[in-house]
Amino acid sequence: MEYSGWRVMEINNLTIQEQHIQELYALSYVFCLGYYLWELVPRGYSVLTRSSPLLARRTAFLKLSRTNNTTSVTGESYINGTTMTTTQLDLPFDKVVGRPPHQPLEKDLVIPEQELRSFAEDIWSEQSLI
């Protein structure tokens, strides 16, 4: 048995895809939430016109899963061609708000691992899955 559903949220030039997956493995349910962070960027070729379409580039992926009564967070972020492991969701301030941050009070929005874990468990609890 498998359930999979998508929800897409768009904020300025930032797109967040949320994927819900519920799978049954050997009589044990695995619950997953996947978050894909996409950003619109100019195309890489040298000739640009006013009608040149923007390219969507995935900048991060997070997977929240629960097996054996334990919730875990794993993910990757992609910056300047480098892949890094992450357990938190980083939303660049300028991509969310549409302007550079005014230092020192405004900065990137960071959702730490514990908050993501709690968020996922609240969703699964509300759905009577845990």
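## Helix α2

Four residues of α2 are buried (under 20% relative accessible area, with a 1.4 Å probe and protein chains only; over 50% is exposed and in between is partly exposed): Leu116, Ala120, Ile123 and Trp124. Viewed down the helix axis, these buried residues fall within an arc of 95°, so they line one face of α2; the arc is that of the directions from the helix axis to the C-beta atoms. On the other side of α2, Asp122 and Glu126 are exposed. An α-helix has 3.6 residues a turn, so residues three or four places apart point the same way.

The model is predicted: local features need pLDDT of at least 70 and side-chain atom pairs count only at pLDDT 80 or more, while totals for chains, interfaces and linings use all residues. Residues are numbered from 1 along each chain as its sequence is written, and side-chain values use heavy atoms, with hydrogens and water left out.

Helices (H or I, at least four residues) and strands (E, at least two) are DSSP runs, numbered from the N terminus.

## Ser65 in strand β4

Ser65 lies in strand β4 and is buried, with a relative accessible area of 13%. Beyond residues up to four places away in sequence, Ser65 touches Phe31, Cys32, Thr70, Thr71, Ser72 and Trp124, where contact means heavy atoms within 4.5 Å.
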